[in-house]
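I opened my notebook for a first walk through this structure. Here is what I looked up, entry by entry.

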Amino acid sequence: MSRRLVVSVVALLVALSLVGAPVTMADWSEQVSFSASEIDASQVRDETPVLRYDELDADAQDAVRRAIESPDGSHVVYGDEDWPDRFFYSDYTAPGQGLYAVVYEGDHYRLYTFAAGGFPVIYWVYELPFVAYGLALGRVGTRAYRGEGSVRLAAGAAVVGAAFHLVGPVFDFPLVSPMVFTGLGVVAAAALVGGLVATAVRNRSKKA
């Protein structure tokens, strides 16, 4: 199997995953938020359940620890399949339903858990740059397959496209914030689309 064929197929598969961003990045609109602040043990009300960090399951521990250790005392989990089952999520909070006390490394923390996110259509707008990038990548992959375009460009663009999934909502934005992620998508889409337009203009000029 030729390198050109392999690269072209990979590029087209990555392109398809990005064109389908409203599905492949659906975790973006499925959010729950954890907010933690340190308090004195005397501030824990009798009706508030006291949870010990060491007794929580792994998913709950991870969310609580990230909230406590974050600079602003908050953490967001994307994708309902990853929401820790131990907690209650809603716009409403009450002791035991979105409001807890957690003992972490000997200190007490007030923990709020609540539903975040919004209507999926809002996040579809944020995903548009990635859809545009996917369409452009599909064009690049098709041109490479036909021998009309650069295999190196198709390979590089496919790597960038795959990287979007790795730093996006599926993995809870591990490296950049959601808005920076969207900005990167805009820049990448503009660069790839601009390159395709420039190539088309040059080809027309040569034919003329």
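**Entry 1: Tyr pair.** I began with Y104, which is buried at 7% relative accessibility. I kept in mind that this is a predicted model. Which ring does Y104 pair with, and at what angle? The partner is Y53: the ring centres lie 4.8 Å apart and the planes stand at 85°, so I noted the pair as edge-to-face. Y53 sits in the loop between β2 (50-52) and α3 (58-69), while Y104 belongs to strand β5 (residues 98-104), and 51 residues separate the two. I checked Y53 as well, and at a relative accessible area of 12% Y53 is buried.

Entry 2: I looked up the count of aromatic pairs and found 17. One of them joins W28 and Y126, with 5.7 Å from centre to centre and 40° between the planes, which makes this pair tilted. W28 lies in the loop between α2 (21-24) and β1 (31-39), and Y126 lies in helix α4 (residues 120-145), so this pair ties together parts that are 98 residues apart in sequence.

**Entry 3: Strand β1.** Next I followed β1 to its partners. β1 runs antiparallel to strand β3 (residues 74-78), and five bridges join them. Across from S33 I found V76 of β3. With strand β6 (residues 107-115), β1 pairs over eight bridges, again in the antiparallel sense. Here V32 has A115 of β6 as its bridge partner.

**Entry 4: Nonpolar cores.** Which residues have the most contacts inside the largest nonpolar core? I wrote down Y133, L137 and F181, in a core of 29 residues. The elements giving two or more residues to this core are α1 (3-19), α4, α5 (151-166) and α6 (178-207). The largest share comes from α4, with eight residues. I then listed what Y133 touches beyond its neighbours within four places in sequence: L18, A157, V160, G161, F164, A188, A189 and L192. Another core lies apart from this one; it has 19 residues, and V32, F34, A60 and A67 are among them.

**Entry 5: Helix α5.** I took the length of α5 next. Its 16 residues reach 23 Å from the first C-alpha to the last, close to the expected 22 Å. The buried residues of α5 are V151, A154, A157, A158, G161, F164 and H165. Why do I say they line one face of the helix? Looking down the axis of α5, I see the buried residues fall within an arc of 135°, so they do line one face. R152, V159 and L166 are exposed on the other side of α5.

Entry 6: Most residues other than glycine have a negative phi. Which of them is buried, and which is partly exposed? D172 is partly exposed, with a relative accessible area of 23%, and F173 is buried, at 8%.

Definitions and conventions
Residues numbered from 1 in each chain as written. Predicted model: local features only at pLDDT ≥ 70, side-chain atom pairs only at ≥ 80, totals over all residues. Heavy atoms only, no water. Phe/Tyr/Trp six-rings, centres within 6.5 Å; stacked < 30°, edge-to-face > 60°. Helix = DSSP H or I, 4+ residues; strand = E, 2+ residues; numbered from the N terminus. Buried < 20%, exposed > 50% of the residue type's maximum accessible area, 1.4 Å probe, protein only. Pairing = 2+ DSSP bridges. Core = buried A, V, L, I, M, F, W, Y, C linked by side-chain atoms within 4.5 Å. Contact = heavy atoms within 4.5 Å. Expected span 1.5 Å × (residues − 1). Arc of directions from axis to C-beta.
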